[in-house]
Every structure is written in C-alpha cells, then in structure tokens.
Amino acid sequence: MIRDWLARNYYKVIFKVSAREEYKGFVLYSLKNDELFFSHTKKSLDLIERYDSRRFSETRLHLPVIAHVEEGFNYFNRNANAFYVENYFPQDIGFYASAIVHEATHAYLFHKGLDYDSDRERHEIICTNEQNRFLRNLIKANAELSADQKREWIAKNDAMFKGKIKSRWWERDRKKIRISKLKAIFKLSPSK
Ligand SMILES: [Zn+2]
C-alpha cells in the first residue's frame with residue numbers, strides 16, 4: 001500500500017528539509033534549525049559519555065539519530081530509528097540526557113524484537129527505571145551535593161517517576177496529539 005510506504009518513509013522527507021549535524025557518531029536533525037537544540041543535545045551526550053561510557057556506546061548503537069521535529073511529545077520513532085524530540089528541557093541538560101537514555105532503552109527493546117504495543121506499560125516501566133537509574137548515578141557523582149542533598153534529590157526523582165507511571169501517559173491517543181501539533185505547525189508557517 002502506498003499509504004503504508006509513505007508512513008514508513010515520511011521521516012526521509014523530514015530529515016531532508018532539516019538542518020543536520022554530526023556529533024561523536026550521532027546524527028542530529030532540527031526541522032527549525034534550532035541552534036540551542038544542537039548545542040544542548042551535544043552537552044547532554046557529553047554528560048552520558050562522561051558518567052556512563054558503557055551506556056553511551058549502547059545509546060549510539062541503538063539510537064544513532066536524534067531529531068528535533070516537535071511532533072507533540074518525545075518518543076522513539078521506529079521507522080527512522082530515531083529519538084523524535086518535542087521537548088529538550090532547555091533548562092536541564094541532565095534531565096534531557098536522562099530522556100535520551102529513556103528513548104535509547106525503547107530502541108534497545110525494539111531491536112531485541114520486543115513489541116511495544118503488546119505491553120506498553122511494561123516497556124515504559126523498564127525505560128523509566130533506566131532513566132531514573134541514570135539520574136541517580138549523576139546525582140551520586142555530583143561532588144557539589146552533600147549526602148543529605150543527594151538523598152533528598154533521589155527521593156524526589158523516585159516520587160516524580162512513580163507519579164508519571166501512575167498517570168499512564170502511554171494510553172493517550174498519540175495520533176491525535178501528533179495531528180493537532182502538525183496542524184499548528186502548518187498554521188504558523190510563514191510561507192502559507
Ligand atoms: Zn517511553
């Protein structure tokens with residue numbers, strides 16, 4: 001079916017019209033050529049490399065493309081084998097790095113042949129746990145924090161991720177979110 005083919009290959013069109021940069025074996029795209037996205041992503045990748053080099057190699061292997069396409073939410077795009085970024089958390093390089101870890105875990109599970117749609121809850125719990133584990137190691141490695149501050153911060157993250165899982169965001173209608181976002185982009189487009 002042509003429709004399916006288009007759906008599978010649409011990312012090629014998106015990447016073609018996006019600004020492109022390479023960094024440490026990753027390919028980065030930004031549809032709006034957002035400089036901050038590029039610099040921020042590089043810093044976050046540096047952070048992963050510095051504090052968890054094994055994870056950095058795994059991330060590069062399974063999630064070699066990070067694309068700032070703003071489709072309404074952050075997710076792993078299987079066709080493009082890419083992290084599709086909506087929000088790169090401009091105020092927080094550490095949290096963005098943890099989001100990259102989260103999506104890289106989705107990519108890893110996908111490459112292992114584990115189907116996301118057969119058990120979304122399980123996939124999201126695994127990925128969220130990996131994300132939190134990465135953040136916990138970052139906090140532990142931070143020499144500027146006292147032992148009490150570290151404990152406090154770790155407990156805060158645990159509670160935050162627990163709340164997120166409880167919200168069951170994976171049950172939301174992603175197609176609807178994407179379409180409304182695309183509509184907004186085209187409405188805002190100055191060429192129209
Ligand atoms: Zn996820």
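This is a predicted model: local features need pLDDT of at least 70, side-chain atom pairs count only at pLDDT 80 or more; totals for chains, interfaces and linings use all residues.
Biologist: At what angle do the axes of α4 and α5 cross?

Modeller: At roughly 140°, and the axes of α4 and α5 (residues 120-141) come within 8 Å.

Biologist: How do you know which residues of α4 and α5 meet?

Modeller: Residues are in contact if their C-beta atoms, placed from the backbone, lie within 7 Å. By that test, G94, S98, A99, V101, H102, T105, H106 and L109 of α4 meet residues of α5 that include H123, I126, F134 and L138. The contact of α4 with α5 divides into eight nonpolar residues, eight polar and one charged.

Biologist: Now the other helix pair. How do α3 and α4 pack?

Modeller: Helix α3 (residues 53-62) and helix α4 (residues 93-111) pack at about 60°, and their axes are 9 Å apart. The crossing of α3 and α4 is left-handed. On the α3 side, the contact is made by R55, E58, T59 and H62, while α4 brings I100, V101, A104, A107, Y108 and H111. By class, that contact has five nonpolar, three polar and two charged residues.

Biologist: Let's turn to the sheet. In what order do its strands stand?

Modeller: Five strands form an open sheet in the order β1-β2-β3-β5-β4, with mixed pairing. β1 (19-23) and β4 (75-77) are at the edges with a single partner strand each, so one side of each has no neighbour in the sheet. From one strand to the next, the twist averages 25°.

Biologist: How do you know that β1 and β2 pair?

Modeller: Pairing needs at least two bridges, and β1 and β2 (residues 26-30) have five, in the antiparallel sense, so they pair. E21 stands opposite L28 in β2, and Y23 opposite F26. β1 and β2 form a hairpin with two residues between them, and K24 in the turn has a positive phi of about 50°.

Biologist: Which strands in the sheet run parallel to β3?

Modeller: β2 runs parallel to β3, joined by four bridges, and L28 stands opposite I66 in β3. Four bridges also join β3 (residues 65-68) to β5 (residues 82-85), again parallel, with V65 partnered by A82 in β5.

Biologist: And the whole chain: what is its secondary structure?

Modeller: Seven helices and five strands. From the N terminus, the elements run α-β-β-α-α-β-β-β-α-α-α-α.

Biologist: What makes the chain as compact as a globular protein of that length?

Modeller: Its radius of gyration is 17 Å, close to the 16 Å that the globule rule gives for 192 residues, so the chain is as compact as a globular protein of that length. The C-alpha trace spans about 55 × 35 × 30 Å along its principal axes.

Technical notes:
Residues are numbered from 1 along each chain as its sequence is written. Axes are lines fitted to C-alpha atoms, for helices over the stretch in contact, and angles run from 0 to 180 degrees between N-to-C directions. A crossing is left-handed if the near helix is turned anticlockwise from the far one by less than a right angle, and right-handed if clockwise. Two residues are in contact if their C-beta atoms, placed from the backbone, lie within 7 Å. Ala, Val, Leu, Ile, Met, Phe, Trp, Tyr, Cys and Pro count as nonpolar, Asp, Glu, Lys and Arg as charged, and the others, Gly among them, as polar. The radius of gyration is taken over C-alpha atoms; the globule rule is 2.2 Å times the number of residues to the power 0.38.
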